[in-house]
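Trainee: I am new to this structure and would like a close look at one part of it, the charged side chains that pair up. Please take me through them in one go.

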Amino acid sequence: MTREEYMKALKNNIQSLTVDEQNEALQYYEDYFDEANDDQKVMNELGTPEEVASTIIEKFANALVEADKDAKKDKDDNSDSGKSSGAETSSERSDAMYFEFAKSDVKSLEFQFGAADVVVVSGDKYSVETRGILRDNFLCRVDSEGTLVVKNLKKLNGLNFWNHEKVTRIVPRILITVPEKATVKKCKILIGAGNFRTKDVFIECEKGRFEVEAGSLILKNIHGNNVNIRCGMGNIKVEGVLKGRSDIDCGMGSIKLDLQGDAKECSYDVKVGLGEFKFNDEKYSGVCQKFAENKKDNHFSVNCGMGSVNIALHRF
């Protein structure tokens, strides 16, 4: 697909927006292609035009609410400090950043994001590329234990992504590249808000922790041992293989595990509040609990409050 075909398909999928909203969103993505200067890379990062269109429509639907919140906060802050609101200063502007690390230097992964759109793709080395994030709010390094730490814990400016100030029109985005068939000791992914997804990536970890507060986390082709999965009000989807003990806690959100394996080789304990739990064809809802008589080597320990946990196992 060419850039022109991509943009045409994107336009066709956002017809429900006003003309002004369509033009604003399309201009943003035209700028995004221009700045990256690599059409194929951008299309791989963004996903299909349909996926991008869904994101655009959702953001415009929430834009008015977010704008009202930000305006009230700015008014309160300015009132307390006695300052008047003004244009963004040069020191506050976000710049594109790029970090690169040798495969041999990275033993574990730790990703923590307060709010961001994050995509993980496969490549020949570890690298991190950002747009729309303030340098003072971002940390990217390999620590003394060989853990690649990527953090952005502060709420990002301009979550109403499309506006008429050029310096704030860049969507807060992070593109992470990991080597093919990456194997690490630990893999920790903590998401406050926003979206995190892997594309065409294989990651194997000896121990994993995947946690979401109110965002979305989609992990494909993950091979993990002894993982801890926690979901507050967001949603988590994991595809791949989970072995050993998997501790799963779900509050009001949704957790879906689509796994390769034999259900007969697995066991589970489950406690359900007002939510729903499914394990292949077995289903539990309302206030109930069930404990395995014999815990197998591959065991799921599940606490489900008001949300839903769905575990589906398929043979290879």
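**Salt bridges, buried and exposed**

Mentor: R173 and E45 are both buried. In this predicted model, their side chains meet in a salt bridge, with 3.3 Å from N to O. The two residues sit in distant parts of the chain, 128 residues apart: R173 belongs to strand β6 (residues 173–179), and E45 to helix α3 (residues 39–46). Side chains of opposite charge can pair when their charged atoms come close. The structure holds 15 salt bridges, and the pair of R173 and E45 is one of the bridges to look at.

A second bridge joins E110 to K151, whose closest N and O atoms are 3.8 Å apart. Because E110 lies in strand β2 (residues 108–123) and K151 in strand β5 (residues 147–152), this pair ties together parts that are 41 residues apart in sequence. E110 counts as buried because its relative accessibility is 15%, under the 20% cut-off. K151 has a relative accessible area of 23%, so K151 is partly exposed.

D269 is in strand β14 (residues 266–272), while K295 is in the loop between β17 (288–290) and β18 (298–304); the two are 26 residues apart. D269, at 8% relative accessibility, counts as buried. K295, at 52%, counts as exposed, the cut-off for that being over 50%.

There is also a network of salt bridges, which links R3, E30, D34 and D39. Helix α2 covers residues 19–36. This helix has 18 residues and reaches 26 Å from its first C-alpha to its last, close to the 26 Å expected at 1.5 Å a residue. Its buried residues are Q22, E24, A25, L26, Y28, Y29, D31, Y32 and F33. An α-helix has 3.6 residues a turn, so residues three or four places apart point the same way. After α2 comes N37, with a positive phi near 60°.

A word on confidence. The protein has a mean pLDDT of 83, and 81% of its residues reach 70 or more. Over residues 156–170, however, the pLDDT is below 50, although this stretch has 38 contacts in the model beyond near neighbours in sequence. Residues 64–69 also stay under 50, with two contacts beyond four places in sequence. Where pLDDT is low, the predicted coordinates should not be read in detail.

Notes. Residues are numbered from 1 along each chain as its sequence is written. This is a predicted model: local features need pLDDT of at least 70, side-chain atom pairs count only at pLDDT 80 or more; totals for chains, interfaces and linings use all residues. Side-chain values use heavy atoms; hydrogens and water are left out. pLDDT is the predictor's confidence in each residue, from 0 to 100. Contact means heavy atoms within 4.5 Å. Helices (H or I, at least four residues) and strands (E, at least two) are DSSP runs, numbered from the N terminus. The expected span of a helix is 1.5 Å times one less than its number of residues. Buried means under 20% relative accessible area, exposed over 50%, partly exposed in between (1.4 Å probe, protein chains only). A salt bridge is a side-chain nitrogen of Lys or Arg within 4 Å of a carboxyl oxygen of Asp or Glu.
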